[in-house]
Amino acid sequence: MNIHEYQSKAVLKSYGVAVPEGLPAFTVEEAVENAKKIGTPVVVVKAQIHAGGRGKAGGVKLAKNLDEVKNYASELLGKTLVTHQTGPEGKKVGRLLIEAGSNIKKEYYLSFVIDRQTARVVMMGSEEGGMEIEKVAAEMPEKIFKEYIDPVIGLAPFQATRMAYNINIPQPAIRKATKLMTCLYNAFVGKDCSLAEINPLVVTAEDDVIALDAKLNFDDSALFRHPDIEELRDESEEDPKERRAAEAGLNYVNLGGDVACMVNGAGLAMATVDIIKHYGGEPANFLDVGGDSSPEKIAEAFQIMLDGGQAKGIFVNIFGGINRCDAVAAGIVEAAKIISDDGKSLPVPVVVRLEGTNVEQGRKILQDSPIANVIMAPTMEGGAEEIVKRVKAAQ
Amino acid sequence: MGVLVNKDTKVIVQGITGKQATFHTKQMLAYGTKIVAGVTPGKAGQEVEGVPVFNTVKDAVEATGATASVVYVPARFAADSVMEAVDAGLDLVVCITEHIPVQDMVKVRRYMEGKKTRLIGPNCPGILTTDEAKLGIIPGNIQKKGHVGLVSRSGTLTYEAAFQLMNAGIGVTTAIGIGGDPVKGTDFIDALELFKNDPETKAVLMIGEIGGTAEEDAAKWIKENMPDKPVAAFISGRQAPPGKRMGHAGAIISGGKGTAADKIKALNGVGIEVADTVAHIGETVVETLKKAGIYDECHTC
């Protein structure tokens, strides 16, 4: 789960991480009001969206007086920002962060992630702040330093100090930098983050060390123990279909195309998206319904795929392992009854590939059903080709 | 033969009184697995499918001499259950549970350091040594005995692959589902090493997916350490957009790393054939076996 920068900064502040003074604003009036409260000669007006690259896209403005705050706030609120992380459709700005300007001496990079190979939390730092870390890794890998953290010990003081010297934090700011690292690590562990990234971390003219930007991602599997984080969810940042699917307990990712698929198992679901593309179709989604789905869940999955006219055809790809093909087939028939008025028609062609346990019974249920446009595929390849052909023919 | 488990391995089921665990205990017993005990705190003295239940893993081990366990415990308690099994000195723990917090697994891995237990999973379908034993949820009827080792990050793709192999007449020694989580007990290289040392296994099929660099690392390892056993592969997630989690917690392209293209390139680079679509996994294995001159030997069913 992702949250906004201003929310991340509030979480970090509660762990003792130094952040600029700032207040969120949802309207132009609020922006001006908050700029007054902050009262520094320069305030920063920052668009709050769940994507990086806001600065380059014109989403971060320096205002020298309240008129400028008003102008920038009216310009940004409601604007669609297109950054290299948003995709071409961009993201609409609904919130701003009004923040005290900082007297920046130098920018750095600092982050915590979980390293798969060592199964440890790793702290990464670089003196190339403000740049994307992937770019630094590609162009100047020697400028990235790492400290692997023993979960029993936590971030050891010597590791934080070593990092501070490695990335050339000036001597008067060393203690402040190591304190920030320790607080950030505590936040990372305390809130079950999957990413905590400060880019840039800055040393100010006064030799203070502050998190000028902040990005926190959280482990979805651990949200049950962080209801305070769950409350920060901004539903307007999420794809409405993905949101609806999550509520129904479905694993769904919108991919934007028109050939939909419904599959059991995440691996097979990814592979099904791939095979649709392989045969020239534009995949509409990734969808893992699991194997033991009820007819209601299958019906909801169909409705999500069809919603807004997105799916022009649906490929159902099921391998019955422990879960039986006949149960899935019965689920499709029941789903059709829920979706259509007459129980006999689905709005788009549905090609079904069933294989594995009780496959014959499953095929028979679908063949005997009154649903008009369900087509049985003899093989997975055949099914993928068939659905792509039918969607293209319908265009 | 095969690896990790056989018909004599004595197995505990942790969380045996749960609905899923009870269902799969029946399936595992039917396959011939020697399930000797179950563990659910507070349920000692009960029986599930004729299997005696104990309060702790230690009690179960002392009473039965079990050396392996399979964990079906709910996510928020599963990491603790794995550590309990490690503490009891088991050789093998297979954790089926999905959605265990990643930082819980970081602690588990730290706890396991210096101890002898091997962990498979979490978030996996388990392991199945053909005609001997299964620990987990892999269906037993689609995997025939043979000489190909199967290792996979995905459950359904394990079944899909075993099924395609069976239809192509190719049998399997052991299928190992290593799981879809980013932090896990056994990765590709560990599984490959087991297959390398198993005389019955003549070739390996590995099924990877986006996220992390385990497939790239495996490619390098295979070139350096296993030149004599041919490997075929499949990678899912070619069309996955960056930054999106595709069902599995570990299936995400982040920071430009973990793309299917990189993995396929690394595998092809060491001479490993990668199936172009999921429908061609079986064919790709057959071609690989033929090229290595061991097709007849591996055509066992």
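Guide: A helix axis here is a line fitted to C-alpha atoms over the stretch in contact, and an angle runs from 0 to 180 degrees between N-to-C directions. The model is predicted.

With that definition in hand, the pair to examine is helix 5 (residues 155-167) and helix 9 (residues 281-291) of chain B, which pack at an angle of about 55° with their axes 8 Å apart. That angle makes helix 5 of chain B oblique to helix 9 of chain B. The crossing in which helix 5 of chain B passes helix 9 of chain B is right-handed. From helix 5 of chain B, the residues B:E160, B:A161, B:Q164, B:L165 and B:N167 take part, and they meet B:I281, B:G282 and B:V285 of helix 9 of chain B. Sorted by class, this contact between helix 5 and helix 9 of chain B comprises 4 nonpolar, 3 polar and 1 charged residues.

A helix pair in chain A may be set beside this one. Helix 10 (residues 295-306) and helix 11 (residues 325-339) of chain A have axes 8 Å apart and pack at an angle of about 60°; they are therefore oblique to each other. Helix 10 of chain A also passes helix 11 of chain A in a right-handed crossing. Here A:P295, A:I298, A:A299, A:F302 and A:Q303 of helix 10 meet residues of helix 11, among them A:G331, A:I332 and A:E334. The classes in this contact of helix 10 with helix 11 of chain A are 8 nonpolar, 2 polar and 1 charged residues.

An open sheet of 4 strands in chain A has the order 1-6-2-3 with antiparallel pairing, and its edge strands are strand 1 (22-25) and strand 3 (60-63). Within the sheet, strand 2 (residues 43-47) and strand 6 (residues 96-100) of chain A pair over 5 bridges, with A:A47 standing opposite A:L96. Helix 1 (residues 5-14) of chain A packs on this sheet and touches strand 1, strand 2 and strand 6; the direction of helix 1 makes about 145° with that of strand 1.

Finally, the two chains meet: 45 residues of chain A are in contact with 46 residues of chain B. On the side of chain A that touches chain B, helix 9 of chain A gives the most, with 11 residues. The residues of that side divide into 23 nonpolar, 11 polar and 11 charged.

Terms used
Residues numbered from 1 in each chain as written. Chains lettered and ligands numbered in written order. Predicted model: local features only at pLDDT ≥ 70, side-chain atom pairs only at ≥ 80, totals over all residues. Pairing = 2+ DSSP bridges. Helix = DSSP H or I, 4+ residues; strand = E, 2+ residues; numbered from the N terminus. Contact = placed C-beta atoms within 7 Å. Nonpolar A, V, L, I, M, F, W, Y, C, P; charged D, E, K, R; others polar. Parallel < 35°, antiparallel > 145°, perpendicular 65-115°, else oblique. Left-handed = near helix turned anticlockwise from the far one by under 90°.
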